Amino acid sequence: VINLDPANDRLPYAPAIDIAELIRLEEVMEKLHLGPNGGLIYCMEFLEANMSWMEKRVEELDSQGYYVLFDCPGQVELYTHHNALVGVHLVDSHYCSDPAKFVAVLLTSLTTMIQLELPH
């Protein structure tokens, strides 16, 4: 598992790669005087600018034959209003049990698909 959530400092697993080794949301918010959403956007842009850091570590996992699962931040704004790192949009099942929530999550998924310019 690769943790790409710089705000998640209490992981229930030991990640093979952790973005906290590169950047931490709390430090970004304090140093740059940003709120949580602005700080997360900054962290994702910092990761994008330093993608070689991630590529090197993923290549090491790949050379050992591991499957890779990315644990991404849950803030939907990162995927609907900003370029993102993923092309899969997973939603909690409870959103599918109520018609109004289901329509809302469909619209969120559509917005994400359009923003990423990727089919889902």
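This briefing walks through the sheet, the nonpolar core, a salt bridge and a surface patch of the structure above. The model is predicted, and the residue numbers start from 1 along each chain as its sequence is written. Three strands form an open sheet with parallel pairing, the largest nonpolar core has 15 residues, and a search of the whole structure finds one salt bridge.

**The sheet and a nearby loop residue**

- The strands of the open sheet follow the order β2-β1-β3, and their pairing is parallel.
- Because β2 and β3 (residues 70–71) stand at the edges and each has a single partner strand, one side of each is left without a neighbour in the sheet.
- Between β1 and β2 there are two bridges, with the strands paired in the parallel sense, and N3 has D18 in β2 as its bridge partner.
- L11 lies in the loop between β1 (2–3) and β2 (17–18), and, leaving aside its neighbours within four places in sequence, L11 is in contact with N3 and D18.
- With a relative accessible area of 22%, L11 is partly exposed, since the term buried is kept for residues under 20%.

**The nonpolar core**

- In soluble globular proteins, nonpolar side chains tend to be buried together.
- Here the largest nonpolar core has 15 residues, and those with the most contacts inside it are I2, I17, L47 and M54.
- Helices α1 (25–32), α2 (36–49) and α3 (51–63) each supply at least two residues of this core, and the largest share, four residues, comes from α2.

**The salt bridge**

- The one salt bridge found in the whole structure joins the side chains of E21 and R57, with a distance of 4.0 Å from N to O.
- Because E21 lies in the loop between β2 and α1 while R57 belongs to helix α3, the pair ties together parts that are 36 residues apart in sequence.
- E21 counts as exposed, at 54% relative accessibility, whereas R57 counts as partly exposed, at 24% relative accessibility.

**The surface patch**

- A nonpolar patch on the surface is formed by F102, V103, L106, L107, L110 and I114, which together have about 550 Å² of accessible area.
- One of these residues, L106, has its place in helix α5 (residues 99–116), and at 44% relative accessibility L106 counts as partly exposed.

Notes:
Predicted model: local features only at pLDDT ≥ 70, side-chain atom pairs only at ≥ 80, totals over all residues. Heavy atoms only, no water. Patch = residues over 30% accessible without salt bridge, like charges linked within 9 Å, V, L, I, M, F, W, Y side chains within 5 Å. Areas by Shrake-Rupley, 256 points an atom, 1.4 Å probe, with all protein chains shown as cover. Buried < 20%, exposed > 50% of the residue type's maximum accessible area, 1.4 Å probe, protein only. Contact = heavy atoms within 4.5 Å. Core = buried A, V, L, I, M, F, W, Y, C linked by side-chain atoms within 4.5 Å. Pairing = 2+ DSSP bridges.
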